[in-house]
Amino acid sequence: MDDSSNCFSSCVGFGNNYWSPRLFFSIWSSNDDLKADVLLKFRFVSRNANAIKSQVNNILHQNFELNESFLKINTSLPYLRDVSEVQAEHILNSGCGLGKELPSMDRIADGKISKKADWPWQASLQIDGTHFCGASLISEKWLLTAAHCFDINKNPRVWTVSFGTTLSPALMRREVQSIVLHEKYAPHKHDGDIAVVKLSTPVTFSSNVHRVCLPDTNFEVMPENKVFVTGWGALSPDGFYPNSLREVELKIISNDKCNQVDVYGGAVSSGMLCAGFLTGNHDACEGDSGGPLVISHNRNIWYVVGIVSWGIGCAKENKPGVYTKVTHYRDWIKSKTNI
Ligand code: 4AZ
């Protein structure tokens, strides 16, 4: 949400038959104040608008008053307005990180097929309609991916992007206007393996195509945190690329562990992070490169914390996947995209 929207707003959607609040929170600072944009989505059993409004009002005021010791909130500010299902969906789809609802679960070597709207930021980078790399949608016009995806060709005109869970048919296609590689990246090396790609025309956000959240520089990812990697990469080294997007659940491995002599012996730098299992079996593989490693934060809002970068083989013991650490390059992303 941008700074021109109300500092505090809420939204009620009608017509569904169960109760499931979702909270969207973004905080920004203006002058000396820290302000929060909050969007709440409720679903109710009742269709009586007045009963719903009074119930929501009660919940909002009770919860915010309870929390006042932590955040000083002016409880007169939340207001309710009726919006159509279409308007509500539009508001929700413009937010970031709304994807798979946990809990539920599985190398993309040994993963499982993803459901339609679970990973709506996932994109496929293609040359002549052939999938080469994954990428993540971070705004209507920008994708985040790995720099090494362009070792083969850096000319934006040869690349196209597809969205949707199947490569064929694609849900949406776009051409590429420009490709910006990290200045530190050198082909066939692993440092600075990050790039941003600008689309020629913006995507139209929908429940199946929208952006992932970018973590702040200080967003902490801890060893053992549960993360997901998604992509159309091979199910085994030199294997074929599946047509349907796949996902696999992994765990973050500390850089210390990942740099042990029997693992990567010091090759994992502070701009990288490892995810997977030292026992093998679950991993990203060829063709997943550039794709997102995401973590669910604050009630199923997904943040892209890694970019599939490198590894020795796929799903091998003591050789987990290595990812570009997004927080390390957060300022670089901002400097190139203003996001
Ligand atoms: C690749 O060649 C590749 N197992 C991607 C990820 C991994 C290995 C290779 C991690 O694109």
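The structure is a predicted model, for which local features require pLDDT of at least 70 and side-chain atom pairs count only at pLDDT 80 or more, whereas totals for chains, interfaces and linings use all residues. Residues are numbered from 1 along each chain as its sequence is written, and side-chain values use heavy atoms, with hydrogens and water left out.

The ligand is surrounded by Asp283, Ala284, Cys285, Glu286, Gly287, Ser289, Val308, Trp310, Gly311, Gly313, Cys314 and Gly321, a residue being counted as near a molecule if one of its heavy atoms lies within 4 Å of it. When this shell is divided by class, five residues are nonpolar, five are polar and two are charged; in this scheme Ala, Val, Leu, Ile, Met, Phe, Trp, Tyr, Cys and Pro count as nonpolar, Asp, Glu, Lys and Arg as charged, and the others, Gly among them, as polar. Taken alone, the ligand exposes 300 Å², of which the protein buries 82%; accessible areas come from the Shrake-Rupley method with a 1.4 Å probe, and for residues only the protein chains shown count as cover.

A search of the whole structure finds four disulfides, each defined as a pair of cysteine sulfur atoms within 2.5 Å. With the bonded cysteines of the protein numbered in sequence order, the pairing reads 1-4, 2-3, 5-6, 7-8. One of the disulfides is formed by Cys96 and Cys213, whose sulfur atoms are 2.0 Å apart, and it is right-handed because the torsion about its S-S bond is about 90°. Burial was assigned from relative accessible area, with buried meaning under 20%, exposed over 50% and partly exposed in between (1.4 Å probe, protein chains only). Cys96 is accordingly partly exposed, at 21%, whereas Cys213 is buried, at 2%.

A further disulfide joins Cys133 to Cys149 at an S to S distance of 2.1 Å, and the torsion about the S-S bond of this pair is about -95°, so the disulfide is left-handed. The pair links distant parts of the chain, 16 residues apart, with Cys133 in strand β5 (residues 130–137) and Cys149 in the loop between β6 (142–145) and β7 (159–163); helices (H or I, at least four residues) and strands (E, at least two) are DSSP runs, numbered from the N terminus. Both cysteines are buried, Cys133 with a relative accessible area of 5% and Cys149 with one of 4%.

The sulfur atoms of Cys258 and Cys274 are 2.0 Å apart in another disulfide, which is left-handed, since the torsion about the S-S bond is about -95°. Here Cys258 in helix α3 (residues 255–258) is linked to Cys274 in strand β12 (residues 272–276), again distant parts of the chain and 16 residues apart. Cys258 is buried, with a relative accessible area of 0%, and Cys274 likewise counts as buried at 0%.

The count of salt bridges comes to four, where a salt bridge is a side-chain nitrogen of Lys or Arg within 4 Å of a carboxyl oxygen of Asp or Glu. Lys100, Asp118 and Glu247 are linked in a network of such bridges.

Glu183 and Lys336 form a salt bridge through their side chains at 2.8 Å, N to O. This pair links distant parts of the chain, with Glu183 in the loop between β8 (172–181) and β9 (195–199) and Lys336 in helix α4 (residues 330–337), 153 residues apart. Glu183 counts as exposed at 53% relative accessibility, whereas Lys336 counts as partly exposed at 31%.
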